[in-house]
Amino acid sequence: MGMINHINYMDQDGHIYCCLRNKVVKLDEQQKEKFCKGCSMFAGTAEGKGVECLWEDARTANDPWIADDPRREFLKNQIRHVGGHYVSSIIGFCG
Ligand code: SF4
């Protein structure tokens, strides 16, 4: 499983999916200063259109991974592939 650069584009309301917090958040100054600034996954600003986050992702080999719908990205990250079965989880597992 390799490190994948996740390009999280902001939606029309300025929200992105944050892997560290495992939730959809507004990419405002508070998020940037309080979380992204010190986050080991931070990999860039998507040319000012969002945030890039680097973490191992079992879902895909696509690098970069484009996430332009934060809510869909959140839901996709709640599913783990375990022993041939898809299992839902509310526990964060990235980073
Ligand atoms: S860099 Fe870290 S804190 Fe910022 S959005 Fe990505 S995972 Fe979340």
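The largest nonpolar core in this predicted model has twelve residues: Ile 7, Ile 16, Tyr 17, Cys 18, Cys 19, Val 25, Leu 27, Met 41, Ala 46, Val 51, Cys 53 and Ala 67. As a general remark, nonpolar side chains in soluble globular proteins tend to be buried together.

Let me turn to the sheet. Four strands form an open sheet, ordered E4-E5-E1-E6, with mixed pairing. Strand E4, residues 42-44, and strand E6, residues 65-67, stand at the edges; each has a single partner strand, so one side of each is left without a neighbour in the sheet. From one strand to the next, the twist averages 30°. E4 and E5 run antiparallel and are joined by two bridges. Phe 42 has Cys 53, in E5, as its bridge partner.

Beyond its neighbours within four places in sequence, Cys 53 is in contact with His 6, Asn 8, Cys 19, Met 41, Phe 42 and Ala 43. Cys 53 is also one of the core residues.

I come now to the ligand. Which residues are around the ligand? They are Cys 18, Cys 19, Leu 20, Arg 21, Phe 35, Cys 36, Cys 39, Met 41, Phe 42, Val 51 and Cys 53. The elements that contribute two or more residues to this shell are helix H1, residues 29-36, and strand E5, residues 50-56. By class, the shell holds ten nonpolar residues, no polar ones and one charged residue.

Methods. Residues are numbered from 1 along each chain as its sequence is written. This is a predicted model: local features need pLDDT of at least 70, side-chain atom pairs count only at pLDDT 80 or more; totals for chains, interfaces and linings use all residues. A residue is near a molecule or strand if its C-beta atom, placed from the backbone, lies within 6 Å of it. Ala, Val, Leu, Ile, Met, Phe, Trp, Tyr, Cys and Pro count as nonpolar, Asp, Glu, Lys and Arg as charged, and the others, Gly among them, as polar. Two strands pair if DSSP finds at least two bridges between them. Axes are lines fitted to C-alpha atoms, for helices over the stretch in contact, and angles run from 0 to 180 degrees between N-to-C directions. A nonpolar core is a set of buried Ala, Val, Leu, Ile, Met, Phe, Trp, Tyr and Cys residues joined through C-beta atoms within 7 Å. A residue is buried if 20 or more other C-beta atoms lie within 10 Å of its own, exposed if 12 or fewer, and partly exposed in between; C-beta atoms are placed from the backbone. Two residues are in contact if their C-beta atoms, placed from the backbone, lie within 7 Å.
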